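Subject: Structure for your review

Dear colleague,

Please find the structure below, together with its sequence.

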Amino acid sequence: MKYLANGEMKGAPLMRLTLSWAFVFLGGLWVTNFLLFFLKMGLSYEAVVGYYLGSEAQYTAPRTYQGMLEVTHFHLPIMGMVLLLLTHLLLFVPLRNGWKAVGVAVPFLSALLNEGAGWLVRFVHPGFAYMKIAAFLSLQGSLAILLGLVLWGIWRRAARQSAPEEQGN
């Protein structure tokens with residue numbers, strides 16, 4: 001992180017390379033989030049309710065407490081670590097602190113609401129399906145923005161720092 005904080009990315013091309021490859025995998029996470037969401041349900045109220053409460057028309061049973069607990073058990077730490085990494089790196093991107101605060105808060109809140117909304121649809125009221133859809137879109141949008149901003153910050157600084165050397169040659 002010191003390379004990002006004090007501008008030494010020019011002297012650390014392997015750090016940029018490492019972070020860029022990590023972002024390939026995080027981009028894959030982003031894509032598979034979309035694919036799984038649309039494979040399992042979609043962006044309609046009926047599809048979300050049918051996924052969690054079951055559907056006679058599609059011969060699907062409601063999600064079980066144990067099944068949802070197992071999914072939540074894996075989602076919480078993974079999303080926490082992914083968001084920790086991305087939001088921590090965001091702090092070194094040249095943006096105003098207010099935007100950084102939004103960039104930290106929105107993805108964490110979206111992920112928490114996305115995870116909780118399924119439980120609320122299943123065990124409280126189907127109306128929470130709208131919250132599930134909004135939280136999913138908010139999470140995916142904020143992840144895309146985080147990925148883009150952090151990559152821009154990493155490579156922008158490197159390009160800016162190498163430009164004077166190239167002009168001097």
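In these notes, Ala, Val, Leu, Ile, Met, Phe, Trp, Tyr, Cys and Pro count as nonpolar, Asp, Glu, Lys and Arg as charged, and the others, Gly among them, as polar. The model is predicted, so local features need pLDDT of at least 70 and side-chain atom pairs count only at pLDDT 80 or more, while totals for chains, interfaces and linings use all residues. Residues are numbered from 1 along each chain as its sequence is written, and side-chain values use heavy atoms, with hydrogens and water left out.

Pockets and cavities were searched for on a 1 Å grid over the protein atoms alone. A pocket is an open set of points with protein on both sides within 12 Å along at least five of seven lines; a cavity is a set where a 1.4 Å probe fits but cannot get out; lining residues have an atom within 4 Å of a point. Points are joined across faces, edges and corners, and a volume is the space filled by probe spheres set on them. Helices are DSSP runs (H or I, at least four residues), numbered from the N terminus.

The largest pocket holds about 730 Å³ of space. It is lined by 31 residues, of which Val 71, His 75, Asn 114, Glu 115 and Lys 132 are the closest to its centre. Helices α2, α3 (45-53), α4, α5 and α6 each give two or more residues to this lining, and α4 provides the largest share, 11 residues. By class, the lining has 19 nonpolar, eight polar and four charged residues.

The second largest pocket contains about 170 Å³. Its lining includes Trp 99, Pro 107, Ser 142 and Leu 149. Helix α5 gives the most to this lining, with five residues. Nine of the lining residues are nonpolar, two are polar and none is charged.

Two cavities of 30 Å³ or more were found in the whole structure. Helix α2 supplies the largest share, three residues.

Finally, Ser 110 lies in helix α5 (residues 97-123). Ser 110 is buried, at 4% relative accessible area (buried means under 20%, with a 1.4 Å probe and protein chains only). Beyond its neighbours within four places in sequence, Ser 110 is in contact (heavy atoms within 4.5 Å) with Ala 135, Ser 138 and Leu 139.

Notes. Buried < 20%, exposed > 50% of the residue type's maximum accessible area, 1.4 Å probe, protein only.
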